[in-house]
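Me: Walk me through this model. I want each label set against its cut-off.
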Amino acid sequence: MNDELSKFNSLPPKELEALDRAAGWSLSALELAEVQRQFSGMGRQPGRGELETIAQTWSEHCKHKTFSGPVVFRDGKRVRKYKNLFKETIVKATRTLNRKWCLSVFTDNAGIVEFAKSGKWGLAFKAETHNHPCAVEPYGGAETGVGGVIRDILGVGLGAKPVLNTDTFCFGRLDRKYRLPKNALPPERVMRGVVEGVRDYGNRIGIPTAAGGLYFDDGYLLNPLVYVGCAGLIPVDKIEKKVVPGDLIVSIGGRTGRDGIHGATFSSANIDEETSASAVQIGHAVNEKKALDVLMRARDLGLYNAVTDCGAGGFSSAIGELGAETGARVRLEKALLKDTRIEPWEIWVSESQERMILSVPKGKLKKLAAILDSENCEYCVMGEFPGDGRLLVTHGEERVVDLPMAFLHGGVPNFEKPAVKRAVKFNSKAPAAPKAWGRALKALLAHPNICSRHSVITQYDHEVQGGTVGKPLQGKYGDGPGDAAVIWPQAATLDLKDLSGFAVAHGFAPAVGRLDPYQMALHSIDEAVRNLLCSGADISRTAILDNFCAASPRDPRVMGDLVLAAEGCRDAAIAYGAPFISGKDSFYNQSKDADGREYPIPISLLISATAPVEDVRRAVTINFKQAGNPVYLAGASLRGMGGSVYNEISDTGNNAVPALDMKAAVKLYAALAKAMKAGCVAAAHDVSQGGLGVTLAEMAFSGGLGAELDLAPAPRGKGLTSTELLFGESPARLVLEVVKGREREFQGYLKGLPAAEIGRVSGEPRLRVAGLFDEDIAGLKACWRKELI
Amino acid sequence: MKGPKAIILRGTATNCDIETFNAFKYVGAEPELVHINQLLAGERKVPDYDIMAFPGGFSYGDDISAGKIYAVKMAGLSRDFAKFIKGGRPVIGICNGFQILVKTGFLPENGANAQVSTLYTNDCGHFIAKWTKLKVNKKSPCIFTRGLPDEIELPIAHGEGKFIVEDKKELGAITGRNLHALTYAGNPNGSMLDIAGICSPSGTCLGLMPHPERNFFSWQNPDRPAAAREAEAVGHQFFKNAVDYVS
């Protein structure tokens with residue numbers, strides 16, 4: 001390879017491409033040509049370390065070229081052009097809303113919103129994906145995914161204290177037989193590895209894993225998705241960071257080794273048989289806990305001016321980002337190593353875990369070192385930020401990188417991507433009724449995308465820090481499916497009198513995305529907001545994160561899905577008044593199976609949402625509380641079975657996607673929020689996968705109570721069938737148990753809005769829906785309570 | 001009047017230190033978070049405190065076995081600890097703290113401070129976090145469980161919580177004196193005789209796997225009506241008892 005490197009600038013495109021593949025940079029032809037042009041201009045050949053730095057800095061993972069690049073979208077004859085898709089959709093919604101409680105958006109490692117009314121705290125929130133590593137090495141991939149997103153929270157501003165982890169996974173179906181290609185892991189193994197990785201890392205570091213989801217679909221067979229999120233509290237006067245010229249570059253936490261070479265560039269490649277597991281890092285939670293404990297103490301003493309985490313690209317990205325304006329002088333021989341057989345350029349780009357980079361004034365190093373020593377946390381001083389705008393990296397006498405920062409962070413060439421709308425044929429015929437309603441409900445409850453997640457949830461310590469008020473498992477027996485996590489961050493505020501908290505919930509609807517990516521985005525944001533509402537949060541202050549996962553963006557249909565989903569995000573965020581504060585995307589989630597068949601994932605958008613809970617004592621749970629209380633269905637049920645679980649177990653032939661009426665939903669939720677604040681609501685649960693029947697069953701068996709119901713008064717769209725009403729998944733609906741004696745007041749709040757009493761909670765443990773079914777709640781629960789792992 | 005001084009011992013990856021600190025503060029103690037390194041360096045001294053707590057977590061990653069490394073670190077100060085624990089000042093070890101007390105040989109108490117029991121990997125083979133019903137042994141000398149109802153509910157969160165002792169003699173030494181202060185109503189981990197927590201014969205040192213600091217306030221319970229109940233839940237009693245005992 002050294003031979004090619006010595007004549008890099010004059011290599012013809014074919015040889016350049018071969019070199020790129022051999023080195024694992026994942027740079028495009030256009031980018032390689034730009035590098036040649038730049039170095040020819042400088043009158044010299046690039047070194048290996050420089051090319052590695054450029055590959056990391058320009059990688060899809062670090063620069064998000066696809067999403068923030070130009071796109072031309074075609075829907076038949078209609079054409080829409082975007083110069084920067086991300087800015088013109090996601091960012092635009094946030095700019096349009098311009099909420100003053102958004103303290104930091106899109107610029108730092110996580111978004112930050114105001115927390116509680118004291119004015120002292122901000123809430124930092126971030127979600128990431130770690131898909132490619134988990135496909136190759138599920139346990140290590142999941143561990144380092146969790147570790148990475150926690151470091152984003154530690155590295156936001158001057159450091160936030162993590163108080164909640166979230167995780168959402170997508171795997172191939174466990175109940176199907178697949179013919180897998182060589183090297184591909186079966187979904188059971190991927191799932192087991194991922195769950196154990198999240199468990200062992202999250203539990204050891206002492207952050208509750210209390211929100212998320214599990215989703216099974218053929219599309220994720222070869223490309224599992226692993227979304228990991230973290231939320232933390234930060235004092236508002238610690239949000240600003242600024243490297244001061246003359247500051248020392250201090251690396252704390254883990255040592256550097258050969259694990260995770262090329263993780264950033266690897267995320268821009270399709271996974272194939274040659275993919276190497278050495279691209280996956282090795283996690284060590286205890287090292288990160290040490291760094292966490294040190295950072296919280298040092299932050300409050302003001303011992304550093306800036307901090308960021310070593311994530312993708314390792315030192316090259318972290319030091320490169322911190323020194324983007326000042327430049328950086330790095331001496332790689334100072335790095336603490338866990339493997340001495342490492343090349344200098346490998347030290348520079350290694351993604352070894354649990355490392356944080358601090359910018360430390362010379363006069364404060366001694367104090368910082370004392371804290372590091374007292375917590376047994378290793379560190380090394382690697383150089384300084386000089387202020388000359390130059391990146392100079394050496395190893396002894398060897399010059400590894402010598403470039404102006406402007407080159408790295410400036411000219412990434414970008415090119416226009418074509419996008420087209422997928423052709424989907426819709427059918428909206430009336431779906432037939434099932435032979436037996438009760439049996440259909442039981443089949444839905446047992447479906448892998450609906451059944452109980454307790455066997456996974458109970459492996460996570462979801463209550464460490466003592467603040468998980470809204471639990472993932474709730475109700476009379478502590479086993480009902482909660483809609484949102486409600487966190488009371490007592491371990492961060494240290495103030496037991498302050499009863500304010502926050503809720504976190506998700507929305508995810510890839511089955512709708514296969515049919516209509518625009519509606520998928522709307523449904524997902526609606527679901528996330530509705531889940532927050534069910535927990536009693538103040539949804540007028542909802543902030544959201546977008547995490548897009550898609551197949552190869554070289555396929556114009558995939559780009560079309562992305563454009564439509566991004567447009568949906570923009571429209572729904574504005575309609576719901578919920579700004580995006582951070583996000584991430586992951587592409588190239590596409591692989592071939594043993595028969596050469598392509599397995600692209602469906603467009604997958606995870607919406608993570610958070611909103612304040614004014615008084616955690618008043619958080620609401622899903623289970624029925626009291627016999628005799630009236631049960632209400634709020635929100636109109638619409639026609640269409642598209643994307644429903646029911647269609648999967650018994651295809652109705654109707655694949656129409658119910659179009660969300662966002663204005664109506666926003667009005668309804670605002671009224672419900674008032675009724676809930678007034679204390680009229682004893683329980684609330686959203687209608688989502690499986691439809692209304694599943695929602696009612698879950699509320700009943702989680703509370704050990706039955707219900708006597710009649711759906712005749714349920715608000716509905718024209719021509720709605722009972723199948724659509726009970727098993728359709730039209731959005732913007734929730735079921736509420738109202739406190740007996742307060743019906744009038746409740747109705748007052750909902751005057752003129754689509755909501756109707758559909759019956760009463762009953763002491764007899766049976767769920768009866770007039771004319772449709774009459775089932776014992778124990779039987780329903782038995783179908784639902786499956787051991788997934 | 002100043003409250004009793006409570007030392008909340010921590011080390012690397014002690015994770016429940018802050019909520020334990022908060023709990024002691026709420027019941028009127030003056031808690032202080034102290035790293036084992038500070039004790040070993042002589043910056044803080046064990047005899048200066050009135051109450052001692054070993055909080056939950058994964059001290060030193062649970063490497064070798066849960067609580068073992070912390071116990072080894074304590075060995076250098078074993079005299080101070082023995083004097084404190086056997087001298088009758090209240091000591092509570094929760095989850096990883098219980099594991100530490102067992103690995104040091106302070107619980108079950110014996111003359112030689114030898115380890116006669118262990119907390120082994122749960123029968124299910126992995127970590128579990130869930131709420132469990134517990135029976136309170138009313139005949140136990142334990143000072144922490146005084147005044148509790150016959151049955152209480154607390155969450156557990158551990159991978160190594162199966163309490164086993166060397167032989168029948170040691171087991172008899174526990175049951176014969178009612179040192180098993182808490183037992184599980186439905187055994188979640190395979191512990192002998194469903195034991196969830198044991199105390200010293202004087203009742204002043206308690207080790208337990210469940211987390212009383214996580215059911216300290218009523219709103220921490222998964223089964224909760226929307227309207228708030230009385231603020232304090234059963235876990236509160238454990239901490240209050242310790243403070244009352246020394247006040």
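Reply: Chain A is assigned domain 1 (2–45 + 58–67), domain 2 (46–57 + 243–413) and domain 3 (439–479 + 621–789). Such bounds come from an automatic or database domain assignment. The C-alpha centres of domain 1 and domain 3 of chain A are 55 Å apart. This is a predicted model: local features need pLDDT of at least 70, side-chain atom pairs count only at pLDDT 80 or more, and totals for chains, interfaces and linings use all residues. Residues are numbered from 1 along each chain as its sequence is written, while chains are lettered from A and ligands numbered from 1 in the order in which they are written.

Me: Why is strand S6 (residues 161–171) of chain A called largely enclosed?
Reply: A buried residue has 20 or more other C-beta atoms within 10 Å of its own; exposed means 12 or fewer, partly exposed in between, with C-beta atoms placed from the backbone. In S6(A), 11 of the 11 residues are buried, so the rest of the structure largely encloses the strand.

Me: How do you know that S6(A) pairs with strand S8 (residues 225–235) of chain A?
Reply: Pairing takes at least two DSSP bridges between two strands. S6(A) and S8(A) have nine, in the antiparallel sense. Asp167(A) sits opposite Val228(A) of S8(A).

Me: What joins S6(A) to strand S7 (residues 209–216) of chain A?
Reply: Seven bridges, and the two strands run parallel. Thr168(A) faces Gly213(A) in S7(A).

Me: What makes the β-α-β crossover from S6(A) to S7(A) right-handed?
Reply: The test is a clockwise path from the first strand over the helix to the second, with the strands pointing away from the viewer. Here the chain passes through helix H9 (residues 187–205) of chain A, and the crossover is right-handed.

Key. Helix = DSSP H or I, 4+ residues; strand = E, 2+ residues; numbered from the N terminus.
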